[in-house]
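Hi,

Here is the model I said I would pass on.

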Amino acid sequence: MAAAAASQVPQTRRGDVGDDAEGIGIGALLHHQDALYEVLLRVPAKPLCRFRAVCRPWRSLLSSPSFAAAHAARHRDQPLLAVCGWVRGSNNRASEIKLLDTFSGRVVRRFDAGPSSLLCRVWPHLGLVLIIRRLAAAAVDERLPTLSVLDPATGGVTALPLPGGGYYDDDTRTSFVFGREQAGDGKYKVLSLNTVLTQPFCKILTVDGGGGAWRHAPAPPVAIKTFHSETVVASGVVYHLVDSSNGWTMAAFDLKAEQWLPDLLHGPAVVGGQPASINSREGRSLAEVNRCLAAIYSTPSAMDIWLLMGKAQWCKRCRVLMSSASVEWHYWLSPDPVPLWVLNDRRVAFLLRGPIFGNGTLWMYDPRTQASTRLSTCLKIGASAYTGNLLRQQV
């Protein structure tokens, strides 16, 4: 299919590339279907979307599901970064969701997110983004639903229903987590936790175009007040950090089975790690890194990253030295880094969250130079790797 579409590349008119040998070489390349296909596979998604306007044959090739799948497979380890930030010139009043190039920090796509004061959380996960706003959002602007899902590939926004029966009537008592079942064609789901009553209870919603209904889910096996910033989703499982005082103790919820695992899970044994105290500057947290659950141990000098590779099998992936970001790192009261992705060359994209205000900064750490490069500023309410496919067309 791709070869047939590529063979229909329009003929180059005389004078477009010149009559010299170099011009002939370029023209020959563009007319060689296999070479053209391989060249386009190496081009980032953003310019490929523009290339669809070249002609009908190119649009057919670049819009085909087979080419989109091949392009996604080739760039699997080169995701974009999905962040939420203030709109420049809005005096921090308007917000937007941005997809950033991992290497340069340049904006690939941006989407309006409305007033920043109405945002509670932005939850990017794989190829979609859950937007959680305050209950007052609809009263301010009916076009701003409390719960909605953004598809960055199409720009479409789907409003989600709220849990009924007075279940969701307090922003501070209800929290949400967003993820996808582990299977390749698994469904996206939203899990909510409500603590209005004495006994916390959960509900779950399947994201299927907005027509789904909330269902009751089992209560967590331990007391959980809210799904906080240390609640992550990896490989179809919600992991909630219950205790980090002396290691990592986690409750886990399987999105496909819609059940909490009966036993609490534990993180890796940290050599030299000390029990955390209110005065210590050590931190233990969770993150999703390269689609895996990551346990993070951070100090003022370094951040160590372990990945869960199998059942209770932890592997130390890398260490990030914080000397290059020391100005911001030591200014904050406690270390609060969030690794987002480890590239094939071992560079690490990570977020530094501020302790007081809603701001954060994105960095890229290079172990070869032991230096970090600032990529962008953003809001700390949501940042993750975007592993969706921008070439995917809306059906």
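Let's start with strand β1 (residues 80–86), which pairs with strand β24 (residues 371–386) in the antiparallel sense over five bridges. In that pairing, L80 stands opposite Y386 in β24. Two strands count as paired if DSSP finds at least two bridges between them, and helices (H or I, at least four residues) and strands (E, at least two) are DSSP runs, numbered from the N terminus.

Before going on, a word on provenance: this is a predicted model, where local features need pLDDT of at least 70 and side-chain atom pairs count only at pLDDT 80 or more, while totals for chains, interfaces and linings use all residues. Residues are numbered from 1 along each chain as its sequence is written, and side-chain values use heavy atoms, with hydrogens and water left out.

Back to the sheet. β1 and β24 belong to an open sheet of seven strands in the order β3-β2-β1-β24-β23-β22-β21, with antiparallel pairing. The edges are β3 (107–115) and β21 (337–342), each with a single partner strand, so one side of each has no neighbour in the sheet. From one strand to the next, the twist averages 35°.

β17 (residues 283–289) and β18 (residues 292–298) run antiparallel, joined by seven bridges. E288 stands opposite L293 in β18. The hairpin of β17 and β18 has two residues between the strands, and N290 takes a positive phi near 55° there. On to the following strand: a hairpin of three residues joins β18 to β19. β18 and β19 (residues 302–310) are antiparallel too, with five bridges, and A295 stands opposite W306 in β19.

How many of the residues of β18 are buried? Seven of its seven are (buried means under 20% relative accessible area, with a 1.4 Å probe and protein chains only). Both faces are covered: C292, A294, I296 and S298 are buried on one side, and L293, A295 and Y297 on the other.

Now the rings. The structure holds four aromatic pairs. Rings of Phe, Tyr and Trp (its six-membered ring) pair if their centres lie within 6.5 Å; planes under 30 degrees apart are stacked, over 60 edge-to-face, and the rest tilted. One of the pairs is F178 with Y188, which is stacked at 5.5 Å centre to centre and 15° between the planes. F178 lies in strand β8 (residues 174–180) and Y188 in strand β9 (residues 188–194), so the pair ties together parts that are ten residues apart in sequence. Both F178 and Y188 are buried. Another pair is F253 with W260: the centres are 5.2 Å apart and the planes at 70°, so this pair is edge-to-face. F253 is buried at a relative accessible area of 0%, and W260 counts as buried at 8%.

There is also a charge over a ring: the charged end of R284 sits over W248, 5.9 Å from the ring centre. The cut-offs are NZ of Lys or CZ of Arg within 6 Å of the ring centre and within 35 degrees of the ring normal.

Last, the helices. α3 (residues 33–41) and α6 (residues 65–74) pack at an angle of about 55°, with their axes 9 Å apart. Y37, L40 and L41 in α3 meet S66, F67, A70, H71 and R74 in α6, where contact means heavy atoms within 4.5 Å. Axes are lines fitted to C-alpha atoms, for helices over the stretch in contact, and angles run from 0 to 180 degrees between N-to-C directions.

Cheers

Conventions. Buried < 20%, exposed > 50% of the residue type's maximum accessible area, 1.4 Å probe, protein only.
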